[in-house]
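Subject: Structure handover and findings

Hello,

Here is the structure you asked for, with the sequence. My notes on it follow below.

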Amino acid sequence: MINFAFVKRPVVFLLILPVFILTFQGCKKKRSETADFFFKKTHNKVYQDYNTDDFARVFKKVLNNKRSSLHHSDFILDHYSKNHYKPELVMDHLFNNDLLTITNYYFKANEHGLDAGMFDADKLRTLIYEFNQKGKVKSLDEIYHEIAELEITSANSLINYSNALQFGVINPKSIFERYFMATKRPDSLSMLHVFHLTNVQAFLDSIQPKSPQYLAMQKALLSGYVAPGRSLEETKRILLVNLERFRWRNKPFENKYVIVNIPDFMLNVVDSGRSVLKMKVCVGQGRNMDNANTIVAYNDTAKDDKPYEHETPILNSLIHSVDVNPIWNIPRSIANKEILVEAAKDRFYLSNKNIDVYKDDKLVEDPEDIDWTKVTKQNSEYDFKQKPGADNSLGKIKFMFNNKSSVYLHDTPAKYAFYKKMRAVSHGCVRLGDPQGLALNLFGPGDKYDEISKDMNEDNPNPTSIYLPKRVPVYINYVTCWNDEDGNLQFRNDVYGLDIVLYDHLMRLVHPLN
């Protein structure tokens with residue numbers, strides 16, 4: 001009996017042998033190319049023994065030791081493992097002085113209110129000088145370590161610098177409890193770009209923020225500008241946090257949009273880059289309306305975001321419709337704190353305010369017969385709805401857009417608040433100084449607007465929903481410094497204490513040892 005397995009083995013070996021030889025030669029060629037590159041650049045014979053596998057082992061060891069200090073360690077580790085631990089930044093950018101050029105940009109980080117230390121500027125420059133040091137005898141293992149340190153430091157710092165200028169240092173969603181605005185953050189594609197630069201200086205120039213708002217604040221920071229009524233240090237800190245805000249990728253990109261700035265208590269409709277409608281607004285009550293905490297003098301409790309329950313959230317959405325003569329479904333929080341208290345004082349309060357009472361979704365016929373002094377927020381079984389009319393807290397119209405916080409823009413019967421300088425007075429929604437003007441701007445002249453105007457002036461109003469022909473973006477933002485249309489820097493008080501929260505978190509990153 002013939003043993004076919006025994007006969008086939010030499011054949012299998014002969015088939016594998018050419019593959020092995022080709023693989024071996026390929027690895028040898030790759031090693032010699034890298035070795036040849038460094039030898040040609042340095043004329044150091046030690047590189048003739050450069051071995052990519054040996055270097056990879058050193059690189060992985062150095063990378064693991066530094067992993068906890070890298071901001072995007074998983075991405076960096078994944079990138080180099082996929083690229084056979086090739087020191088591409090060193091090979092592409094060390095010997096033409098690109099890496100020195102990069103450190104020059106790092107050392108100008110103060111122009112953005114940042115610090116060169118965030119990007120290891122001194123360390124990177126020292127590594128460059130040490131690597132280029134002439135006359136010092138180095139072993140191959142020392143060279144492997146130097147290249148690995150230089151490569152990893154370059155990669156980490158360049159990614160961090162690129163991210164900081166293009167996306168901001170801080171993710172606002174990580175520090176603010178009520179931040180619901182779409183904000184683009186760095187991803188693997190944007191970070192991968194730093195490994196494929198053909199012109200380093202052109203790239204570094206391209207990522208410098210260039211918006212007129214940013215440049216105006218940057219100029220003020222560098223010139224030592226002092227805002228009226230504020231100290232130099234306070235002005236500087238306000239500029240720092242707002243420079244960071246203007247680095248965030250959350251700005252309107254649409255041709256037409258509605259934008260509310262909470263600290264300014266103002267709404268603008270912007271069309272084709274210019275304001276076409278401006279009005280006063282009232283926003284939610286805040287934790288710092290008396291300005292007790294300032295960005296230069298605040299207590300420890302102000303360092304982290306702890307929103308007051310009525311603060312208007314930061315968000316963006318699309319206005320899709322209006323409710324004319326709306327019914328107000330009174331939130332439980334307001335009912336418990338205000339409606340029950342007033343009803344206990346005056347049993348006719350509810351009927352006088354056109355407020356219907358419901359129990360188990362059924363209308364209560366005679367709410368004045370209920371002893372409201374015995375109803376508390378703990379045992380209340382009632383819901384409240386205010387009918388359309390002159391006393392309705394939503395006024396004659398509300399503008400609807402989807403959001404998690406159940407807020408909207410609306411009219412109000414309480415017009416007196418618009419004469420105040422401090423207009424953080426609402427329960428969280430945004431009250432409009434000219435709601436009919438906003439309706440006209442969004443709908444334009446025509447049948448729909450005529451219907452809105454007619455319904456808003458009815459003596460016996462009925463609720464009506466009318467949809468916009470095209471949804472309009474709305475942004476509710478929080479900015480305490482900006483450059484106005486006349487080129488003047490405007491400053492506003494920090495009514496929600498968010499400047500303080502942002503400044504404190506920013507300083508933890510800018511000056512981590514302080």
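Is strand S3 (residues 266-271) largely enclosed by the rest of the structure or exposed, and why? Five of its six residues are buried, so S3 is largely enclosed by the rest of the structure. Please keep in mind that this is a predicted model.

Strands around S3

Strand S2 (residues 256-261) runs antiparallel to S3, and six bridges join the two. In this pairing Lys256 stands opposite Asp271. S2 and S3 make a hairpin with four residues between them, and Phe265 in the turn has a positive phi of about 55°.

Strand S4 (residues 274-284) is also antiparallel to S3 and is joined to S3 by six bridges. Here Asp271 stands opposite Arg274 in S4, so that Asp271 has a place in both pairings. The hairpin of S3 and S4 has two residues between the strands, and Ser272 takes a positive phi near 55° there.

The largest pocket holds about 1200 Å³ of space. It is lined by 36 residues, and those closest to its centre are Gln213, Tyr257, Ile259, Trp482 and Asn483. Among the elements that each supply at least two lining residues are S2, S3 and S4, which ties this pocket to the strands described above. Helix H11 (212-223), helix H12 (232-247) and strand S15 (481-483) also supply at least two residues each. By class, the lining divides into 15 nonpolar, 11 polar and 10 charged residues.

The second largest pocket has about 950 Å³ of space. Of the 37 residues that line it, Trp328, Ile334, Ser393, His427 and Arg431 are the closest to its centre. Strand S6 (328-329), helix H13 (332-345) and strand S12 (424-426) each give at least two residues to this lining. H13 gives the most, with five residues. The lining has 16 nonpolar, 12 polar and nine charged residues.

Salt bridges

The count comes to 24 salt bridges. A few of them are set out here.

Arg230 forms a salt bridge with Glu234, with the closest N and O atoms 3.2 Å apart. Both Arg230 and Glu234 are buried.

Asp264 and Arg492 meet through their side chains in a salt bridge, at 2.8 Å from N to O. Asp264 lies in the loop between S2 and S3, whereas Arg492 lies in the loop between strand S16 (489-491) and helix H17 (498-510), so the pair ties together parts that are 228 residues apart in sequence. Asp264 counts as buried because its relative accessible area of 14% is under the 20% cut-off. Arg492, at 24% relative accessibility, is partly exposed.

Arg508 and Asp504 form another salt bridge between side chains, also given as 2.8 Å from N to O. Both residues lie in helix H17, four residues apart, or about one turn of the helix. Arg508 is partly exposed, with a relative accessible area of 40%, while Asp504 is buried at 11%.

Regards

How values were computed. Residues numbered from 1 in each chain as written. Predicted model: local features only at pLDDT ≥ 70, side-chain atom pairs only at ≥ 80, totals over all residues. Heavy atoms only, no water. Buried < 20%, exposed > 50% of the residue type's maximum accessible area, 1.4 Å probe, protein only. Pairing = 2+ DSSP bridges. 1 Å grid on protein atoms, 1.4 Å probe; cavity = no way out; pocket = protein on both sides within 12 Å on 5 of 7 lines; lining within 4 Å. Points joined across faces, edges and corners; volume = space filled by probe spheres on them. Nonpolar A, V, L, I, M, F, W, Y, C, P; charged D, E, K, R; others polar. Salt bridge = Lys/Arg side-chain N within 4 Å of Asp/Glu carboxyl O.
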